[in-house]
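Here are my notes from a first pass through the model. Have it open as you read, and check the points in any order you like.

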Amino acid sequence: MIEISNLTFRYREGAEPTVRDINLSIPDGTFVGITGAAGSGKSTLTYAINGIIPHCYPGDFYGSVTVDGLDTCEVSLTDISRLVGSVCQDIDSQMVSSVVEDEILYGLENFGVPKDEIEGRIQEALDAMGIVDLRDRSIAGLSGGQKQKVAVASVIALKPRVLVLDEPTAELDPASSVGVFRLLRSYARNFGTTVIVVEQKIALLSEFADQLLIVDNGAIVFRGTPPEVLAHSDELLEIGVNCPRSTSLVNRLRAHGLYNGPAVCNVPQAVEVCKEVLA
């Protein structure tokens, strides 16, 4: 679905490239989590996927990015938007309507979706995000988590092949964060959509993502399944990525020869490992 070859990009006002020598292949239907320290280049990487770079931010662009066979430099941002749906971190800035139904309807009308398909798409998007009861609500009266779900619903109503979200849980409490990720994973599995999420909470990504990408100084330094990446907890800490304490504990048990299995992603998994070690 996504092929990135030798991508290097420097913003016009920047002295050095923000991302450099990125090579990445993401299969169709994969849930990918991207994290790294602030300023590492992870958001810039997503801008290259959804076409914001090079169409909105000027700078020096080297290499290539293709989405479903389309080179993002050779097609218009509108063409890319038909394939890639994006949800930004500042949800309020993304809202264009005052009522939930109108927010979802806005994109459908702008992309010329046939009238006889619109009602079905609205209902399907509301169902997928579990917000059918919010259809007639004023957006101004919604909680942060509800707005987040509305923003995602307005994008998936367009049926994009790829969904890109930049820190979708930054302003949410833990329960709401888990709820959003659970819905995203369910949507990816049910519709075969490729989901790419930039998120600081590596524990949350590890629980739901198929693949993790760790970005540091503009380069991908680790890539793999959550257990494969979390096995490097000491190295991740050195570049500003804090792994769950349960992960660090089990990795220390491995370092001392007391455990020889995969890294763990959460407390229940760590508890099972500790029971095994103490048995």
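1. Ground rules. This is a predicted model, so I kept to its cut-offs: local features need pLDDT of at least 70 and side-chain atom pairs count only at pLDDT 80 or more, while totals for chains, interfaces and linings use all residues. Residues are numbered from 1 along each chain as its sequence is written, and side-chain values use heavy atoms, with hydrogens and water left out.

2. Helix α8. This helix covers residues 174-191, 18 residues in total, and spans 26 Å from first C-alpha to last, close to the expected 26 Å at 1.5 Å a residue. (The expected span is 1.5 Å times one less than the number of residues; helices are DSSP runs of H or I with at least four residues, strands are runs of E with at least two, and both are numbered from the N terminus.) After α8 comes Gly192, with a positive phi near 70 degrees.

3. The buried side of α8. Which residues of α8 are buried? They are Ser177, Gly179, Val180, Phe181, Leu184, Tyr187 and Ala188. (Buried means under 20% relative accessible area, exposed over 50%, partly exposed in between, with a 1.4 Å probe and protein chains only.) Their cover includes strands β3 (31-35), β7 (162-166) and β8 (194-198), along with helices α6 (115-129), α7 (144-156) and α9 (202-208). Contact here means heavy atoms within 4.5 Å.

4. Gln148. This residue sits in helix α7 and is buried, at 3% relative accessible area. Leaving aside residues up to four places away in sequence, Gln148 touches Val87, Ile91, Pro168, Thr169, Leu172 and Val180. Val180 is also on the list of buried α8 residues.

5. Helices α12 and α13. The axes of α12 (residues 245-255) and α13 come within 9 Å and cross at roughly 25 degrees. The two helices are therefore roughly parallel (angles under 35 degrees count as such). On the α12 side, Ser246, Leu249, Val250 and Leu253 meet Val267, Ala270, Val273, Cys274 and Val277 of α13. As a reminder, an α-helix has 3.6 residues a turn, so residues three or four places apart point the same way.

6. The start of α13. Have a look at Asn266: one of its side-chain oxygens reaches to within 3.0 Å of the backbone nitrogen of Gln269. Helix α13 itself (residues 267-278) has 12 residues and reaches 16 Å, close to the 16 Å expected.

7. Ser76. You'll find Ser76 in the loop between β5 (70-71) and α3 (77-83). Ser76 is partly exposed, at 34% relative accessible area. Its C-alpha is 8.4 Å from that of Gly51, 25 residues away along the chain.

How values were computed: Polar contact = N/O pair within 3.5 Å; in protein donor to acceptor, adjacent residues only side chain to side chain. Axes fitted to C-alpha atoms, helices over the stretch in contact; angles between N-to-C directions. Parallel < 35°, antiparallel > 145°, perpendicular 65-115°, else oblique.
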